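Hello,

Here is the structure I promised to pass on. Please open it first, then read my notes below.

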Amino acid sequence: MTSVIVDDRPDCDGPPDPAGSSEQNRRRVELDLGDRLAVLAWPGAAWLAALLVVAPVAFLATSILSPRGDVWRQQWETRLPGELVQTVVLLAGVSIGTLVLGVGFAWLTSAYRFPGSRLFGWLLISPLAMPSYVLGFVTLSVIGFTGPLQGWWRAQFGADAWFPDVRSMGGAIAVFSLVLYPYVFLLARAALRDQAGAAFEAARTLGAGPLEAARRVVLPQLRPAIAAGVAVVMMETLTDFATVQYFDVDTVSVGVFRIWRGTFDRDAASEIATLVLAFALAVIGIERLLRGRARFGEAAGRASGIVPRPLSGMRAGVATGLCTVVFALSFLLPSIQLVVWAVERARSDNGTPVTERFGDFLYHSLLLATICAVICAVVAMVVTNASRFGHRRSTGLAARLTAVGYAVPGPVVAIGVLLALVALDDALERIGLGLPGVAATGSFLGLVYAYSVRFMAPALNAAEAGLDQVSVDMTASARTLGHRPSSIMARIHFPLSRTSLATALVLVTIDALKELPIVLLLRPFGFDTLSVWTFNLASESRFEQAALPALTIVVFALIPVAVLSLSLNARSDAAAAAERATAPAGEGLL
Amino acid sequence: MSGATNGAPALVVDGAVKRYDSTTAIDRISLELTNPDILALVGPSGCGKSTLLRSIAGLAHLDEGSIRINGVLVDDSRHRVPPEKRGIGLVFQEHTLFPHLSVIDNVMFGIRDVGRKAARQRASEALEVVELAGFHDRYPHELSGGERQRVALARALAPRPALMLFDEPFASLDPNLRTQLRRDVIGALRATGTPAVFVTHDQDEALAVGDQLAVMRAGRIEQTGPPPNVFHEPANRFVAAYLGEASFLPISDGGAGPVTALGPVAVESDGVEADVAMVRPDDVRFVPDPDGDAVISAIEFRGVTWSCSIMLADGTTVVSNRSHVDPVAVGARGRVEMMPGHPQIPIPADR
């Protein structure tokens, strides 16, 4: 408190003398530089983060303002019409597929009890750990034209026996539906668990049968959750350009990849990438439209879920069978196949140079993922703290902008980051500071930047959840006890949101390990990750060699899925959760 | 910060205005608190009392006006001192103890610029003041609600603030504990000579805690003064009704001077126009009389007393307390008399 200037008038017990009031006017607390900076620093940091996230998207979006006629004409005369049609068909097909699987299984496991229903409640989310490019190549290799299944088929029924074409739009839709339905499943089931119970029972007492009640009362209540789930699914589908290539499906994202990796024509790639962005905006628009005026997650308090009714006999058998088939196709069988290949590969003694570089690839993957996770966690921590210490409305807007990367498909982020780095490079060159290599065909810095933009949202969500455990009044108390915001962040907010931040680290690390489109577009020459290795080997039909890196990714990706399952199980016991919330931080995950 | 001169202003709020969008949360508020007095700030929810407290603490910023704490200008709507430099202590309704720190670490959190040993010593003393000397190593979740609020008080007092602020500090405690804790808190403030502002919506608490009382409504201060003065001579009907049960009788011109159904009212000639007179339940007495023109219209048991609603001849109702040993029945007739020494208080017309 050395900066507080208090005049040292002699103590006097009487009323203050008239001169006192004018004397008091001179008594001020002198604010030091730190105080003055703090007022600007928090909103400044939040807006800097928002700016860095938005910049790539903005650079990309503005590239459409000066369109290059030759690019569009050439594209329009060759691939573009087909790409647009195939993108629409793929998105529609995957939406319908995930809707049927996700909502169907959510209803089945919430409203009924049958052998294994509790177990399937979390087994059915395991496909979240299976990247589409892994399931894609396993599917093709096993039941594709050259695979063992079709070989057997032809041996049985002759060389011309009809078999559905796996390398097709239908195959791609099936694969995406199988790996992406858990997003719809999770959100629909949460809504069923948290809010639909009372309305369902009310409808039953009013004379509606279970299916009528489900259709007329429960489904409309689930609409916001389903819309959110399908939107995530469409974004994931849109961002992909690897899996679809296995199936000869040509989407606009593939178009971006082909132009960039084929010609390194930045302008042409960015113009087609604006189309991908347009699709993403359309997805968000559709989500808003479907959600209507309902608020997602509006129900609070002790709303009860639907009480499951037991199924028996045939019906129970069908329910268990359906769950088993989908779990087997989407996760169990492909995992087994990967293990078999990996073991065969390890037994065969011809260790190829590629296998020997497994350590390198794993190191690259982990290095990239860890750096991005730390960046995301730190930025998320600063941004959420800024909204606690700074002007709420402005920093809140900054936080929302910082999270915008989740809604921007990978190719858009990647090309946008390239444009932003080129602009930075130009600016630096103008003031005489070269940044060699940054804006070239790809760089590690670009990769880290793009990953951080794309995966900031889960980190922000986790950091916000962590800070929610510190009440606004608690922060206020800490300030009146003489601590600056930075000290409060370090001594109060950080220790209390440590668990949430650890979760954020894990989530971002795994997402980054699985990520393929961005690294394919932006990786520097010779920088291979597990996902790139998997994709390249699978593209050349060297499935056995691809098994080891693919399996490694699946095993890592199972970690957050397991954490999610555990937390979902724990949530059913509300009392235990409340207890955990009040227990000292530090226990729990990690 | 401590050791401020007795009688010097601990807090001066001058013309404070705080707006949120289109609503004005506090509207040209001025008040002054002298060392080491305790001010109770009372009013219905949404009247702006918490906003005023937050502005004093530095958690909200004024749009107009100024605030001085212990003679130091902390907010003149341009120049603002952050909360951590205002030298105040703050206690909230919900305990805001840091869950990852032990009791002693919580209390030490605010003691700065002294060595760890000295800080520990001061924190121990603060815990002794709130009678929690043996609780050093407990964690907040191991404490009862009352103990948590005591630790919060000790934590706020330990840095020896120039001014303590309380935002409904006892609202989440059960009534018996609340009264006890209130006495303890007042005792601790008196013992340390710390001036304080108490925000509450509880009338009884407001009357009990303060040397001064300020009644707020809709962003304005309706009246300030020592609690007995405000209670017995309310500035308007709102203040009269907010601080306790009151009956209002219309004043008419009875020829010889202003009167109500209960007799003459002493209205100061230079006072503002008074249209009603206030009568508290302990000011009037019901005397059973079969020929009386007053009728008991309702009774309610309050424990120590019966609360009787009495309909007078002119149709107005007045409430009177009656000893539990002397009950009356609904429909009983009688007369209503003023208690000796209890005048009817003329109340100016409400704004």
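Start with one pair: Ala16(B) stands opposite Ile29(B), which sits in E2(B). Strands here are DSSP runs of E with at least two residues, and helices are runs of H or I with at least four; both are numbered from the N terminus.

First, some ground rules. The model is predicted: local features need pLDDT of at least 70, side-chain atom pairs count only at pLDDT 80 or more, and totals for chains, interfaces and linings use all residues. Residues are numbered from 1 along each chain as its sequence is written, while chains are lettered from A and ligands numbered from 1 in the order in which they are written.

**The hairpin.** Strand E1 (residues 9-20) and strand E2 (residues 23-34) of chain B run antiparallel, joined by 8 bridges. Strands pair if DSSP finds at least two bridges between them. The hairpin has 2 residues between its strands, and Asp21(B) takes a positive phi near 50° there.

**The whole chain.** Chain B has 8 helices and 21 strands. Its C-alpha atoms fill a box of roughly 80 × 45 × 40 Å along the principal axes. An automatic or database assignment sets the domain bounds. Domain 1 of chain B covers 11-232, and domain 2 covers 248-348. Their C-alpha centres lie 39 Å apart.

**A further sheet.** In chain B, 3 strands form an open, antiparallel sheet in the order E12-E13-E14. Strand E12 (252-253) and strand E14 (263-264) are the edges, each pairing on one side only. 2 bridges join E13 (residues 258-260) to E14(B). Val259(B) has Pro264(B) as its bridge partner in E14(B).

Best wishes
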